[in-house]
Amino acid sequence: PGPTADPGADASLCGMAATGASGTNAVRYGTMRPNVLNLRVVLPDGSLLHTAGPGRSARKSAAGYDLTSLFVGSEGTLGFLTQATLRLHPLPEAVVSAACTFPSVRDAVGCTVQVLQAAVPVARIELLDEVMAGACSRYSHLELPEAAMLFLELHGSQRGLAEQQQQAEELVQLHGGSVLSWAQAPEERERLWAARHSAWFAALALRPGCQGYSTDVCVPISRLPDVVVETQRDLQDSNLTGEHHHRHSLLGTLPGAPLTPIPTGPMVGHVGDGNFHCILVFRADDPEEAQRVHDFTERLGRWGCSTSRARGSRYGPTDDNHVPIPRRALAAGGTCTGEHGVGLGKRALLREERGAVGLAAMRRIKDALDPLHLMNPGKVL
């Protein structure tokens, strides 16, 4: 579907529809939900449903209930998605990409907010924190500094791109950043985005033999800088650094280079739509470390306890002298998952997000379509 679908490794179109997923192009072209026009679904009783009607592919419809949107994001709990009719987008005349460095993650996210507020029509704008930038640089053999970064891409006409590039550069500089270079040749752009798409494997390479766990949230753009910075602090306060001594330089892994501790809780995100991920690499056979990962993901989704950084907060200290502060996704008016889905791990967060009435309505839909609870039993609800 043109430039829209830009998933990670091993994704499928119906799988992305089932989870309501997206990709790096979502800021310009939308997530899967507005790009799915029709679905062919095998219901639990074996009947075949075309959610918009057989053979229908209208760009909009006011006929009856929106069954297509019901099944997008249902995570396989209502039926098997076997075919998707997708919205097509024209390929742009010209495309340019850039990697931009910033003094801090807050500066990078603040720049993102201003780019969007200034209506610069970015097609992609992706955040990599310092850890993730270094990991991607080494894994993909790029000469990138270990600094907070934005990867961005502009689509349009040749004439229009010149103006967009100037706008973007001015906003980057306003936040203390710099554009390393603009890449227009397809092979240069592909090399940059291949590094972004390899972020999962780059993170795992920080601690060979350990397990990776990725979690995501999505918040309103105006709240994104505070939530991202607080999350980065929480990773540090929770000692989710899993330090692994690694010989490296900006040019990659070099023999004889100094030993440097590498934290392995990197952040990466589709910040153009308020969505970011934490990739936690930990030892699954270490119960204490696994518990810290679990506690962190709970705080990321809803309320949490900070360390002494937050003392003096208007919410007051707890009995153990920690201060509960309403942070992260739900407290910021966001969602506990922007694209990964609820599954088993975020069912409690879903209850907090949607409320008792919302959850009861979902259960009634589930009972009506799948009374025997055959489809992904126990998931989501």
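In helix α6, the buried residues are Val131, Met132, Ala133, Gly134, Ala135, Cys136, Ser137, Arg138 and Ser140. The model is predicted. Nine of the 11 residues of α6, which covers residues 130-140, are thus buried, so the helix is largely enclosed by the rest of the structure. Cys136 has a relative accessible area of 0%. That value falls under the 20% limit, so Cys136 counts as buried. Just after α6, the backbone takes a positive phi of about 60° at His141. Most residues other than glycine have a negative phi.

Ala195 lies in α8. Its relative accessible area is 0%, so Ala195 is buried. With neighbours within four places in sequence left aside, Ala195 is in contact with Cys136, Ser140 and Leu142. Of these residues, Cys136 and Ser140 are among the buried residues of α6. Ala195 is also 8.7 Å from His141, C-alpha to C-alpha. The two residues are 54 residues apart in sequence.

Helix α8 also takes part in an aromatic pair. The structure holds one such pair. The ring centres of Phe151 and Trp193 are 6.0 Å apart, and the ring planes stand at 90°, so the pair is edge-to-face. The pair links distant parts of the chain. Phe151 belongs to strand β6 (residues 148-156), and Trp193 belongs to helix α8 (residues 186-197). The two are 42 residues apart. Both Phe151 and Trp193 are buried. The charged end of Arg124 sits over the Trp193 ring, 4.2 Å from the ring centre.

Helix α10 was examined in the same terms. This helix spans residues 224-237. At 1.5 Å a residue, its 14 residues should span 20 Å. The end C-alpha atoms are 20 Å apart, which agrees. Ten of the residues are listed as buried: Leu224, Pro225, Val227, Val228, Val229, Glu230, Thr231, Gln232, Asp234 and Leu235. With 10 of 14 residues buried, α10 is largely enclosed by the rest of the structure. The buried set includes the charged residues Glu230 and Asp234. Just after α10, Asn239 takes a positive phi of about 60°.

Helix α13 covers residues 347-369, and Asn376 is placed in the segment after it. Phi of Asn376 is near 45°, a positive value in a residue other than glycine. Asn376 has a relative accessible area of 32%, so it is partly exposed. Val380 is found in the segment after α13 as well. Although Val380 is not a glycine, its phi is positive, at about 65°. Val380 is buried, with a relative accessible area of 12%.

Gly333 is exposed, with a relative accessible area of 57%. Its C-alpha atom is 9.2 Å from that of Cys218. Along the chain, Gly333 and Cys218 are 115 residues apart.

Cysteines were also checked for bonding. A disulfide is a covalent bond between the sulfur atoms of two cysteines. The structure holds zero disulfides. Cys278 is buried at 0% relative accessibility. Cys136 is buried at 0% as well.

The chain as a whole gives the setting for these features. The protein chain has 13 helices and 14 strands. Of its 381 residues, 49% are buried. Among contacts with a separation of 6 or more, residues 24 or more positions apart account for 70%. The pairing of Phe151 in β6 with Trp193 in α8 is one link between distant parts of the chain. The protein chain exposes about 17900 Å². Carbon and sulfur atoms supply 53% of that area.

Technical notes: Residues are numbered from 1 along each chain as its sequence is written. This is a predicted model: local features need pLDDT of at least 70, side-chain atom pairs count only at pLDDT 80 or more; totals for chains, interfaces and linings use all residues. Side-chain values use heavy atoms; hydrogens and water are left out. Helices (H or I, at least four residues) and strands (E, at least two) are DSSP runs, numbered from the N terminus. The expected span of a helix is 1.5 Å times one less than its number of residues. Buried means under 20% relative accessible area, exposed over 50%, partly exposed in between (1.4 Å probe, protein chains only). Rings of Phe, Tyr and Trp (its six-membered ring) pair if their centres lie within 6.5 Å; planes under 30 degrees apart count as stacked, over 60 as edge-to-face and the rest as tilted. A charge sits over a ring if NZ of Lys or CZ of Arg is within 6 Å of the ring centre and within 35 degrees of the ring normal. Contact means heavy atoms within 4.5 Å. Accessible areas come from the Shrake-Rupley method with a 1.4 Å probe; for residues, only the protein chains shown count as cover. A disulfide is a pair of cysteine sulfur atoms within 2.5 Å.
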